[in-house]
Amino acid sequence: MSVMGYNVSFAFAGEDFEKVVLEYGGFAPSEGDGAYWMVELPAMLRMLQAAARTGATATDVRLMLLKMIAGISERSGCCPDCDESIDSYERALREYREAVEKQQHEASMTPESHPYVVSSSGKIHTCTCQSKPGQRTIEHPGATLQEFTHRSRGHFYDAGVDSSAKRLTANELAAWLTRREVVKRCKLCEPALPGAYASEASDVESTARG
Ligand SMILES: [Zn+2]
Ligand SMILES: [Zn+2]
């Protein structure tokens, strides 16, 4: 994650503090209150001096510091990373829902109606093949924006679905085959091909997955 710098101006204990430097990321520790944040030392020292002069307490200083960092992440209410992740979290949720819908839709197909699966690499399987072509565990992006952002810092979300794998009827497979020069059949499930391709049993590659 990259380092983000901010200038914050505020009043505390009767004094104005202009463009105090705050940093997010970098060398700051990743645990506890104010995790990932750093604040410039001259401003800290002046705040403590102002507090001592006016009778403001350590709690007042602490609340002021928390308010400073909260003001920067208003959109998410968490941190700059969460602010930046709002759009990608929404996209991830959308991808997740689409993946689940596709999976549910395919689950409603029967081996009789849609006996074939063509994997992303163009290999033909029966839908009951033990290599489970096109089927992956769909990972939820996270129940909240925070969970999504903090768990996946620096990673891109991938629903984990092979979206290019297709479940096909015999007719659809026959039509698909007319557009292929090379026919690749899975060696594990050895699908019987429809129509004019029924005699194609030679090819058969040695790898199980595709
Ligand atoms: Zn956050
Ligand atoms: Zn197979």
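**View 1. Contacts of Phe 10 in the predicted model.** Phe 10 touches Phe 17 and Met 68, leaving aside residues up to four places away in sequence; contact requires C-beta atoms, placed from the backbone, within 7 Å. Phe 10 belongs to strand S1 (residues 4–12). Helices (H or I, at least four residues) and strands (E, at least two) are DSSP runs numbered from the N terminus. Phe 10 counts as partly exposed because it has 15 C-beta neighbours inside 10 Å; a residue is buried with 20 or more other C-beta atoms within 10 Å of its own, exposed with 12 or fewer, and partly exposed in between.

**View 2. The largest nonpolar core.** This core has 12 residues, including Phe 12, Leu 22, Trp 37, Met 68 and Cys 79. A nonpolar core is a set of buried Ala, Val, Leu, Ile, Met, Phe, Trp, Tyr and Cys residues joined through C-beta atoms within 7 Å. Strand S2 (15–24), helix H1 (41–54) and helix H2 (58–72) each supply at least two of its residues.

**View 3. The open sheet.** Four strands lie in the order S6-S4-S5-S7, with mixed pairing; strands pair if DSSP finds at least two bridges between them. Strand S4 (residues 116–118) and S6 run antiparallel, joined by 3 bridges, and Val 117 stands opposite Arg 167 in S6.

Residues are numbered from 1 along each chain as its sequence is written, and chains are lettered from A and ligands numbered from 1 in the order in which they are written. In this predicted model, local features need pLDDT of at least 70 and side-chain atom pairs count only at pLDDT 80 or more, while totals for chains, interfaces and linings use all residues.

Definitions and conventions
Two residues are in contact if their C-beta atoms, placed from the backbone, lie within 7 Å.
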